Amino acid sequence: MNIPTGIITHTRRVQSLYKRALRNCEAWYDRREIYRYRAVQLRQRFEENRNVNDMAKAAKLLAAGEQELFNSQHYQPIKQANSPGGCAFERDVEPPDWMLDYWHPLEKAQYPEFFAKREQRKKEFVAWWEKQYGKPDPKDLHH
């Protein structure tokens, strides 16, 4: 669940409400033409109150809209595949860096600058580690 931690402007809250309301319409109306008709109606409702300058009235409209959305939520909302709660959320497996050590030399030869810089960084990391934590005891290296 994403919990906003900063101050959210009124405009961003209205935009978020609109998008969530569209997603709710999408969940309720599976036929495209009905969904599009409802989406146009929803947009018209937002456009009617676009130029409200009284912030107290605008805040009341926003609160009423959020309450209406809450009351009309679909019992099983559509989750996009890569969104939180979706079937493919966080499925992208990133191979660990050490996998590059097992590349064939001909594969490494295709990216000479990358692997030269990588070897240099590995040496720098070993030097940093030994400076930070000291050299390993030789008796600990062999089992």
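The points below go from the overall layout to local detail.

1. A word on the basis first. This is a predicted model, in which local features need pLDDT of at least 70, side-chain atom pairs count only at pLDDT 80 or more, and totals for chains, interfaces and linings use all residues. Residues are numbered from 1 along each chain as its sequence is written, and side-chain values use heavy atoms, with hydrogens and water left out.

2. The protein chain splits into domain 1 (1–91) and domain 2 (97–133), with bounds from an automatic or database domain assignment. Taken over C-alpha atoms, their centres lie 48 Å apart.

3. The largest nonpolar core has 10 residues: L17, Y18, A21, L22, C25, Y35, A39, L42, L62 and L69. Such a core is a set of buried (under 20% relative accessible area, 1.4 Å probe, protein chains only) Ala, Val, Leu, Ile, Met, Phe, Trp, Tyr and Cys residues joined through side-chain atoms within 4.5 Å. Two or more residues each come from α1 (10–28), α2 (32–48) and α3 (55–71), and α1 gives the largest share, five. Helices here are DSSP runs (H or I, at least four residues), numbered from the N terminus.

4. Leaving aside residues up to four places away in sequence, L17 touches F46, L62, G65, E66 and L69; contact means heavy atoms within 4.5 Å.

5. An unreviewed UniProt entry lists residues 12–69 as "domain: Complex 1 LYR protein", an annotation that may be inferred rather than shown by experiment. That stretch is 84% helix and 0% strand (strands being DSSP E runs of at least two residues), and its end C-alpha atoms are 16 Å apart.

6. Why does a span of 31 Å agree with the 22 residues of helix α5 (residues 112–133)? At 1.5 Å a residue, α5 should span 32 Å, so the 31 Å between its end C-alpha atoms agrees; the expected span is 1.5 Å times one less than the number of residues. Just after α5, G134 has a positive phi of about 85 degrees.

How values were computed:
Buried means under 20% relative accessible area, exposed over 50%, partly exposed in between (1.4 Å probe, protein chains only).
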